[in-house]
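Subject: Structure for your review

Dear colleague,

Please find below the structure I am handing over to you. My notes on it follow.

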Amino acid sequence: MKQKSAAERALWAQFDALELGSGWDLGDIVKPQILIEDAFGDSHPGSVHLNRLAEQIKYGVFESGGFPAQYHATDICDGCAQGHRGMNYILASREAICDLVEMHANVLPWDGMVLTSSCDKSIPAHLKAIARCDIPSIFVPGGSMRPGPNMTTSLLAGDISLRQKRKGEITEREVLDYKLTGCPSPGACTFLGTASTMQCMAEALGLALPGTALAPATMRDILGFSRQAGKQIMQLIQLGLKPSDILTRKAFENAIIIHSAIGGSTNAAIHLPSIALELGIEIEPELFDRINHETPHIGNIDPSGQHLTEAFWFAGGIPMVEILLRDRLNLDVMTVTGKTLGENLETLEKHGFFDRYIGYLHNYGLQRDDVIIPPEKAEEIGSIAILRGNLAPEGAIVKYSACRPEMRTHNGPARVFDSEEDAHSAVVEGRIEPGDIIVIRYEGPRGSGMPEMLMTTEAIVCDKKLNGMVSLITDGRFSGATRGAAIGHVSPEAASGGPIAFVEEGDIISYNTEKRTIDITGIHGVSMPPEEIEQILKSRMKEGKILPRPVRKGFYKRYTDGALSAMRGAGLQ
């Protein structure tokens with residue numbers, strides 16, 4: 001197989017000397033060279049095992065006649081950043097990791113690359129880098145964590161943390177038991193949060209091998225998938241198949257259909273448009289909304305359903321969802337197998353994929369239909385909605401599949417906070433009443449880096465007085481694990497002068513997920529017609545009461561200075 005770097009190696013003798021000094025030999029430096037980029041590190045359970053996957057990828061490359069080189073860009077974890085300023089760096093880390101992979105992929109003329117990660121921002125960072133670099137590439141998902149006791153997840157932290165902050169509500173033993181069992185193994189958290197959602201999106205886009213998203217991180221299968229990816233990258237090089245051949249608009253439409261069907265994280269509505277922009281493809285918010293008006297919600301997966309991601313994989317995972325929705329999907333899209341999606345599904349059926357793992361599901365006393373509902377039995381259409389109105393002229397997003405039906409429409413007084421920390425304190429201290437609508441602003445991409453509001457949404461749903469009675473609206477974002485009436489990505493954001501900056505305490509806000517509306521409908525407790533509201537908002541805007549941003553420096557400053565709107569993916573311009 002012809003090597004891409006031959007011409008560059010001939011320009012400067014030190015090129016070969018440096019590779020030889022890194023442990024290569026004279027036979028290695030003339031083989032096709034493969035970049036293996038992982039997010040391995042001690043940062044969290046989703047990354048701590050990736051060295052084992054990278055090792056198997058390397059074996060696959062060696063077996064197929066290439067030579068691999070392993071690079072690392074460790075990611076960071078939302079869970080470790082809850083409640084403090086570290087959360088402001090989480091979304092920005094997507095851009096930093098993507099940029100670093102771009103540098104790694106372009107300084108040497110690699111023939112191809114294989115990337116592996118498990119979690120919220122490293123996966124979309126890797127997918128963005130794959131699109132940007134446009135050399136033959138495969139993504140390997142890092143898989144799912146084991147369930148906790150009684151099929152619980154690490155999100156027990158919401159209840160534990162709220163009771164810790166309230167005197168006398170929890171024992172030291174309860175806290176200790178959670179700490180020792182909340183994250184029982186490597187892998188992504190075992191609910192359908194952003195990490196698990198983005199593993200599914202990588203497969204749905206055709207960039208990961210079929211059946212690899214959410215494989216249990218502790219089982220042998222994930223190692224076999226990794227070895228297979230190392231072999232397959234050599235085939236892609238031979239075929240000359242690049243990401244731009246795979247990441248077409250049809251592929252993104254497929255991914256959004258799958259996202260709607262499984263009840264994926266609202267963060268995918270940030271990440272998929274940002275990935276698409278790397279190839280000049282605009283994914284409009286309306287595309288998410290149209291697809292969610294049409295697609296049956298068939299994934300019975302926590303937090304929109306009952307079961308955990310491990311069970312979803314045992315039930316057939318993304319390929320089973322694709323089988324059930326094949327009449328709605330673009331089956332002719334190309335994938336990293338070198339075959340179309342339709343051909344991949346035929347191969348999986350022929351080789352017994354859907355029967356092989358179902359016995360593991362039976363260990364839990366479950367049948368496939370318990371976890372992946374046949375479309376004709378689906379009780380709900382779609383899982384997210386794009387709302388628009390005078391509060392969010394460019395749009396906002398809500399995951400109604402994780403919200404009680406009675407809270408999908410609400411009308412209430414605004415309780416306004418300029419940071420999540422202040423709103424969270426109000427919930428913990430009992431200053432929020434049933435029926436209130438909490439507004440958290442200046443938490444958008446330019447406001448503070450667009451942190452997630454999980455600590456506050458969990459405090460609400462874990463409070464018996466407030467659960468199912470209080471809504472939260474923000475220009476920030478949410479965890480994929482968020483439950484309840486949570487509306488995010490309000491655009492334009494407060495820091496950019498959006499209407500959310502001019503909401504005042506006691507104003508009446510109304511939203512309707514079915515009608516896709518979100519509006520200020522009253523001022524200081526008094527309902528008013530839309531034209532009067534518009535005039536009052538214009539008057540408030542003229543006064544220009546937008547909070548000045550604090551002095552920032554470094555990468556955080558560069559991100560918050562240049563980030564796009566959440567409705568365009570919140571990437572750097």
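A residue is called buried here when its relative accessible area is under 20%. The model is a predicted one.

Because 11 of its 12 residues are buried, α5 is largely enclosed by the rest of the structure. The length of α5 also agrees with expectation: at 1.5 Å a residue, residues 122–133 should span 16 Å, and the end C-alpha atoms are 16 Å apart. Just after α5, D134 takes a positive phi of about 55°.

Leaving aside residues up to four places away in sequence, F312 touches C200, L214, I262, I301, G317, I318, V321, V371 and I372.

As for the cysteines, the structure holds zero disulfides. C77 is in no disulfide, and its nearest cysteine sulfur, that of C80, is 4.5 Å away. C77 is partly exposed, with a relative accessible area of 25%, whereas C98 is buried at 0%. The closest cysteine sulfur to that of C98 belongs to C133 and is 7.2 Å away, too far for a bond.

Yours sincerely

Methods
Residues numbered from 1 in each chain as written. Predicted model: local features only at pLDDT ≥ 70, side-chain atom pairs only at ≥ 80, totals over all residues. Heavy atoms only, no water. Helix = DSSP H or I, 4+ residues; strand = E, 2+ residues; numbered from the N terminus. Expected span 1.5 Å × (residues − 1). Buried < 20%, exposed > 50% of the residue type's maximum accessible area, 1.4 Å probe, protein only. Disulfide = S-S within 2.5 Å. Contact = heavy atoms within 4.5 Å.
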